[in-house]
Amino acid sequence: SIALAKIFDNLGVPTLILFLSLGMLAGSEGIGRIYFDDANLAQSIGIISLIFILFSGGLGTNRQDIKPVLFQAISLATIGVFISAVIVGSIAAYLLNIDLKYGLLLGAIISSTDAAAVFNVLRSKNVSLKKNLKPLLELESGCNDPMAIFLTIGIIQFIQEPSTDFWSFLLLFILQFGLGGIVGLSMGQLIVYLMNKIKFDYEGIYPVLFLAFAGMVYAATNIIGGSGFLAVYLAGVIVGNKEFVHKKSLKRFFDGLAWLSQIGMFLTLGLLVFPSKLLAITGIGLILSAVLMFIARPIAVLFSLIFSKIGLKEKLFTSWV
C-alpha cells in the first residue's frame, strides 16, 4: 500500500481509493483469494481506526483557526447532514420503489462526510485554502458523525417500533451531542493534566499512555450514551492546543498511527467487498452518488450557510468536499 501510494501520489490518485482497491484485489474474488465477510470485525476495525484518525486530526487542529468558523461548521454538521439525508433518502425511496422510511435510512447512513478522507486530502499535500475553508471543512468532518449516527439509530428505532415518539428522538439527539461534547472537552483537559503530572523513566511509555487515553475517551462516552467520535475529536483539539511533555514526538507518533489506521480500515473495507455483487446495483449506486454530490450536498450547504458571509465560490467548494 505504501509503495503504491508513493507511485500514484504524483498522478493525483487519492490514496484511500488505492487502499480500498488493494483490499478488493486481495479479497475473495480478487487475486489474493482471502475470503472475508465478517461485517462485525470490519466494523470493529473501522471504529478503532476512526478513534485514532479523529484524535490525530484533533491534535493537528489549531483552536484559533476554528473559532471564526465554529457556528458554520456546527450548522453544516447538523442541519447540512439532516438535509442531505432527507433529499437522498426521498429520491432513493422513489427510485428503488421502497417505503420512505427505508429510503431515509439509506440517506442517513451516507449523509455525513468521511473524516478520514477529508483529513487525508487536506493534510497529505498541505493544501492551502483561503478564507478559513480548511478549518471549516476539517471541523465539520470531525463533528458530523453524531448527527448521522443519531439519524441512523433513530430511523432504525422507528422502523422497529413505529410508536416511537418525538421525545425519544430528542433525548437521543441531546445525548449524542451533549455528552459527546462535555466528555470530550473535559477529558481533553484531564489528559493534559495527567500527561504533565505522571513522570516515567522510559520515554517509550508515553505513546502507549496517549493511545490508552484516546481509547478511553471513546469508550467512556459510548458507555453513557454519547457520541464517542465527537468526544475523541474534541479531546484531540483540547490536547493539541495545550503544552505537555513530549508533545512533538507524540503528535508525530499519532500522525503515523493515523496513516496506519487509514490503510488498515480501507484495506478491510476492500476485503469486505464482493465485486460480483456490485454489478447488479452499479447503475442505481452511481445515480444516488450523483444525487448526493450534485443535488443534496449543494442544497444542504447553501441552506446551512445561508446567514454566513462565505461567498458562493467557497460554498460550492465546501459542498463538493
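Which are the buried residues of helix 9?

Good morning. What we have here is a predicted model, in which local features need pLDDT of at least 70 and side-chain atom pairs count only at pLDDT 80 or more, while totals for chains, interfaces and linings use all residues. Residues are numbered from 1 along each chain as its sequence is written, and side-chain values use heavy atoms, with hydrogens and water left out.

Let me begin with the whole chain. The protein chain holds 16 helices and zero strands; these are DSSP runs numbered from the N terminus, with helices being H or I of at least four residues and strands E of at least two. Its radius of gyration is 20 Å, close to the 20 Å that the globule rule gives for 321 residues, so the chain is as compact as a globular protein of that length. That radius is taken over C-alpha atoms, and the globule rule is 2.2 Å times the number of residues to the power 0.38. Along the principal axes, the C-alpha atoms fill a box of roughly 65 × 50 × 40 Å.

Of the 321 residues, 45% count as buried. Buried means under 20% relative accessible area, exposed over 50%, and partly exposed in between, with a 1.4 Å probe and protein chains only. Among contacts with a separation of 6 or more, 75% join residues 24 or more positions apart; a contact means heavy atoms within 4.5 Å.

Now to helix 9, residues 145-160. Its buried residues are Asp 145, Pro 146, Met 147, Ala 148, Phe 150, Leu 151, Thr 152, Gly 154, Ile 155 and Ile 159. The cover over these buried residues includes helix 3, helix 5, helix 6, helix 8, helix 10 and helix 12. How does the length of helix 9 agree with what its 16 residues should span, and why? At 1.5 Å a residue, the 16 residues should span 22 Å, and the end C-alpha atoms are 22 Å apart, which agrees. The expected span is 1.5 Å times one less than the number of residues.

Two further buried residues deserve attention. Leu 18 lies in helix 2 and counts as buried because its relative accessibility is 11%. Not counting residues up to four places away in sequence, Leu 18 touches Ser 1, Leu 4, Ala 5 and Phe 8. Ser 319 belongs to helix 16, residues 312-320, and its relative accessible area of 6% is why it is buried. Neighbours within four places in sequence aside, Ser 319 is in contact with Arg 297, Pro 298 and Val 301.

Arg 33 is in the loop between helix 2 and helix 3, and Asn 97 is in the loop between helix 5 and helix 6. Phi of Arg 33 is near 55 degrees, a positive value in a residue other than glycine. Phi of Asn 97 is likewise positive, near 55 degrees, in a residue other than glycine. Arg 33 is exposed because its relative accessible area is 62%; Asn 97 is exposed because its relative accessibility is 70%.

Finally, Ile 109 is found in helix 6. Is this residue buried or exposed? Ile 109 counts as exposed, because its relative accessibility is 52%. Thank you.
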